[in-house]
Amino acid sequence: MSESPFDTLGLPARFELDLATLEARVRDLQRALHPDRHASGTPAERRASLSRAVSVNEAYRVLRDDLTRAAVLLGSASEPAADPEFLMEIMELREGLSDARTGASIERVRDLAAIVRSRSSAARASLATALDVDADPGRAAAALSKLRYYRRFLDEVEVAEEDALRASQG
Amino acid sequence: MALLQIFDPSSRPRAIGIDLGTTNSLVAYVTATGEPVAIRDCDDAVLVPSVVHYAASGATVVGDKAKALAVEHPSDTIVSVKRFMGRGAADPETRRLGPYRFATDTGPVVKFAVAGDRIVTPIEVSATILRELVDRAEDDLGAVGGAVITVPAYFDDAQRQATKDAARLAGIEVLRLLNEPTAAALAYGLESKKNGRYAVYDLGGGTFDVTILDLDDGVFQVRSTGGDSQLGGDDMDRVIAARVMDALGGASTPARVRYALDSARAIKHALTDATEVLSELAHDGAEASLTITREELDEAIRPLLERTGAASRRALRDAGTDAAQIDGVILVGGATRVPAVRAYVGALFGKEPLADIDPDLVVALGAAIQADLMAGSGARDDVLLLDVIPLSLGIESMGGVVERILPRNSSIPCEAGQVFTTYADQQTGFEIHVVQGERELAADCRSLARFTLKGIPPMAAGLARLEVRFRVDADGLLHVAARERTTGVEQQVDVKPSYGLTDDEIEAMLTAAYEHGEEDVVARTLAERRVEAERVIMATEKALREDGDLVGPDERARIDAAMAALRTAHAGADPRVLAVRIEALDETSHDFAGRRMDRSIKKALAGRDVGTIERDTEAARGIERAHEPLSRSGDVEEQG
C-alpha cells in the first residue's frame with residue numbers, strides 16, 4: 001500500500017480508535033467501491049473498484065488490530081531487544097502452560113490466561129499513552145513488543161483449550 | 001440500428017441464483033415485481049436431488065429419476081457429490097462409508113468409475129447438476145444471463161475453485177460465488193429490515209456453517225464465520241445406517257450400504273414428528289424389524305451437535321461478541337428440521353431460532369436477490385454484502401511452520417504480502433507452498449498449491465528479498481503473486497493444482513463436449529464476445545452520461561473512436577477482432593474509470609466529518625456536513 005491506512009480511510013492517525021467509527025467508515029466506503037456495486041461496469045471500472053476495495057479492506061485489517069495499528073504509527077522505528085526480566089516472565093508462563101497441557105488441566109490453563117490477559121491490558125494502556133499522549137516511540141515500542149508476546153501466548157492458550165475440550169469429548 | 005434492439009432492457013437475460021446443495025439443489029430468480037421465487041418443474045417440485053446416474057448406455061440421468069436408480073445401481077449413481085468437491089483421492093473424507101468405485105492412478109483428484117467404462121470427476125458431476133438447473137430456469141425464463149452460485153462459507157479455496165470450474169464446464173457465467181449463510185441472511189434481512197446482529201446456523205446435508213453478521217441499513221457485514229465442511233445431515237444418516245446394517249446382518253455390499261443410507265434418512269425424517277419409528281427392513285433376502293426412538297436419535301447425534309457448538313462458540317469469540325448480544329438466530333438447511341437440532345441451537349444462543357422462511361429454500365432465494373443486485377436492476381441500491389475468508393491463508397516457511405499472510409475473517413476482497421529471504425547460499429529458486437488453515441504446522445493445514453519461483457541470480461543467504469502477495473477476490477478465490485525484489489523476477493499463480501483440475505484439463509473437457517455436441521466453437525465464442533462488447537459499450541455510455549465532466553476533450557475523442565471501432569467489430573463476424581477492440585476500449589477508458597472511482601470515494605465520505613460519525617446512521621442522515629476532500633496519492637496498484 002502506497003499510502004497510510006489512516007489516509008486510505010480518512011481517519012486521524014491515533015492509536016485510540018473507536019471500532020464503531022472505523023467500521024462505519026469502511027461500510028460507507030464499500031457502499032461506493034465494492035465490486036458488487038460495479039458488476040455491470042466496464043472492465044476498467046471493475047478493476048479500479050476491486051483495487052480500491054482491496055485497499056480499504058487492507059487498511060481496515062491493519063487498523064482494527066491493536067498490534068498492527070501500533071506498528072503503523074511507530075513506522076520503521078526498530079524494535080528494541082526485549083529486556084531479560086520480561087523474557088524470564090514469558091519463559092515461566094510458557095512453562096506453566098506446557099505443564100498444564102501435559103496435565104490436561106483446563107482450569108490451570110484458564111488461570112494462566114487470566115493472568116496474561118490482565119498484564120496484556122496493562123501493556124496496552126501503556127502503549128496508548130506512549131503513542132497518543134507522550135509521543136514516546138521508545139516506550140511505545142517496548143510496550144508493543146510485550147503485547148506481541150502476550151498475544152502469542154493467548155493464541156497458544158486457545159489451542160490448548162480446544163485440545164482439552166476435544167480430549168474431554170473423546 | 002440493429003444494436004438498439006439488443007440493448008432493450010426488457011429482453012435482457014435474467015440473472016439467477018443457484019443453491020448447489022449436498023442433498024438437493026434448486027434455482028431461483030427475482031420477478032419483475034422484486035419478489036424472489038424458486039423455480040418449479042412441471043410436477044411443481046422445487047428441489048432437484050443432487051444425484052447423477054451414469055447408465056451403461058452412456059446416458060446421464062439427473063435428479064429424481066437418478067435418485068430412483070441409486071438403490072439398484074449404487075456405484076453408478078453419485079449422491080452427495082459436494083462432499084468430494086476439491087478433495088484428493090487419499091483424503092479421509094473420500095474414504096468414508098459409501099458405495100462408490102474410485103478410479104486409480106488418475107492423479108491427485110478423486111474420480112469415480114461408473115458404468116459404460118466412464119471415469120468422472122466431482123467437477124463433472126456437479127456441472128451436470130448445474131446444467132440441469134439452468135435448463136430448468138431457461139424453460140421458465142427464456143434466456144439466463146449469469147448465475148450467483150452458493151457455497152458453504154467454510155469451503156476452502158480448492159472447494160470453491162472446483163465449484164467455479166463446474167460452472168465453467170456447464171457453460172454458466174458465474175456472477176459471484178456467495179456464501180450460503182450470507183445468502184440466507186440476505187433473504188431474511190430484506191424481509192424483516194431490522195438492523196442488528198445475527199447468527200446464521202446452517203446445517204446442510206454435508207456441511208456445517210455458522211456466521212455472525214451485522215445488518216446495518218442494508219449493509220450485511222460478516223464479522224466471523226466458522227464451521228466444519230465435513231459435518232451435516234449425512235452424518236446423522238450414517239449413525240442410523242450403521243444400526244440398519246447391524247439389524248440386517250450379512251456382508252456390506254454397495255447396494256446394502258445404499259439401502260441402509262436411504263432407510264436411515266427416511267427414519268430420521270419420520271422422527272421429526274414421531275417419537276418412535278418401527279421400520280420393516282428388507283434387502284436382498286435379508287429381513288429385520290428395527291425400532292428407533294427419538295431419544296436414541298438425539299443421543300446418537302449429540303456428538304455431532306457438540307461439534308457445531310464448539311464451532312459456534314469460536315465464531316462468537318472471533319466476532320468479539322457473545323450469545324447475549326445476538327438479536328436473532330437464523331436456521332438454514334434441511335437438517336435443522338430435526339427437533340434435537342432446534343432445541344440445541346435454542347439453548348446455545350439462549351433464544352428461539354427463526355425459521356419462518358423454508359430452510360430448504362432460503363439460500364437460493366438469497367442467491368437470487370444477490371444475482372438481481374449484481375445484474376444492476378437498481379431496485380435495491382442500498383443493499384451490499386461484505387463477506388470474509390473462513391480460514392487463514394499462509395505459506396510454509398522454515399521448519400514446516402506456517403507463516404500466516406491473511407488471517408481468517410479478513411474482509412474480502414483483500415490483499416496482503418510478506419517478504420521472505422533465502423536460507424542457503426547461491427539459492428536460485430524458492431519453493432512456495434500455499435496452505436490454508438489454522439494449525440501451526442503446514443502438514444496439518446490444507447495444501448492449496450506448490451510452485452517454484454526460479455531464475456534468481458545466485459546470492460549469499462539472506463540477501464534475496466522474496467515478496468509473496470496474496471489476493472482474495474470477491475468470490476473468495478485466492479490469487480498468488482511472487483516477486484524477487486532485487487531482480488524483479490516475477491510469477492503469478494492462480495491457485496489451482498493440489499486437488500483441482502488444471503486449466504488445460506478443463507479446456508480439454510470443454511473441447512470434448514463441443515466435439516460431441518452440435519455446438520460450433522467459433523460461433524459460440526463470437527456470440528459470447530458480442531454480448532461482452534454490448535455490455536462494455538453500454539457501461540461506457542452510462543459512465544460518460546454520469547461523469548462526462550471527468551473526461552478531457554482529447555480523451556473523449558479517443559474513447560468515442562474506440563467505441564465506434566468496437567461497434568464496427570460487433571457488426572462483423574471475427575471474434576478475434578472483437579477481442580482486440582474490447583481490449584482497446586478498455587485501455588482507453590482506464591484512467592477515466594480510476595477518476596470515477598475516486599469521485600465515488602469522495603461522495604461516500606462527503607458529510608462524514610471525522611470524529612462525529614454517528615453510529616446511528618438514521619440520525620446522521622440528512623445532515624450535510626462540509627465536504628472534506630480526501631487526498632489519494634496517485635493510483636493504487638491495479639491488477640493485470
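Chain B holds 16 helices and 26 strands, where helices (H or I, at least four residues) and strands (E, at least two) are DSSP runs numbered from the N terminus. This is a predicted model, in which local features need pLDDT of at least 70, side-chain atom pairs count only at pLDDT 80 or more, and totals for chains, interfaces and linings use all residues. Residues are numbered from 1 along each chain as its sequence is written, while chains are lettered from A and ligands numbered from 1 in the order in which they are written.

**Chain B overall**
- Of its 640 residues, 45% count as buried; a residue is buried if 20 or more other C-beta atoms lie within 10 Å of its own, exposed if 12 or fewer, and partly exposed in between, with C-beta atoms placed from the backbone.
- Among the contacts in chain B with a separation of 6 or more, 68% come from residues 24 or more positions apart; two residues are in contact if their C-beta atoms, placed from the backbone, lie within 7 Å.

**A four-stranded sheet in chain B**
- Here is an open sheet to look for: its four strands run in the order β20-β19-β22-β23 (chain B), with antiparallel pairing, and two strands pair if DSSP finds at least two bridges between them.
- At the edges sit β20 (402-406) and β23 (446-453) of chain B, each pairing on one side only.
- From one strand to the next, the twist averages 30°; axes are lines fitted to C-alpha atoms, for helices over the stretch in contact, and angles run from 0 to 180 degrees between N-to-C directions.
- Strand β19 (residues 393-396) of chain B is joined by three bridges to the antiparallel strand β22 (residues 430-436) of chain B.
- L393(B) has Q436(B) as its bridge partner in β22(B).

**Where chains A and B meet**
- Chain B brings 52 residues to the contact and chain A brings 43 residues.
- Elements giving two or more residues to the side of chain B that touches chain A include β14 (219-228), α8 (294-318) and α12 (521-547) of chain B.
- The most comes from α15(B), with ten residues.
- That side of chain B has 26 nonpolar, 14 polar and twelve charged residues; Ala, Val, Leu, Ile, Met, Phe, Trp, Tyr, Cys and Pro count as nonpolar, Asp, Glu, Lys and Arg as charged, and the others, Gly among them, as polar.

**A look at L147(A)**
- L147(A) lies in helix α7 (residues 137-169) of chain A, and it counts as buried because it has 21 C-beta neighbours inside 10 Å.
- Leaving aside neighbours within four places in sequence, L147(A) is in contact with D66(A), L67(A), S120(A), A123(A), R124(A) and L127(A).
- The C-alpha atoms of L147(A) and S121(A) are separated by 8.4 Å, with the two residues 26 apart along the chain.
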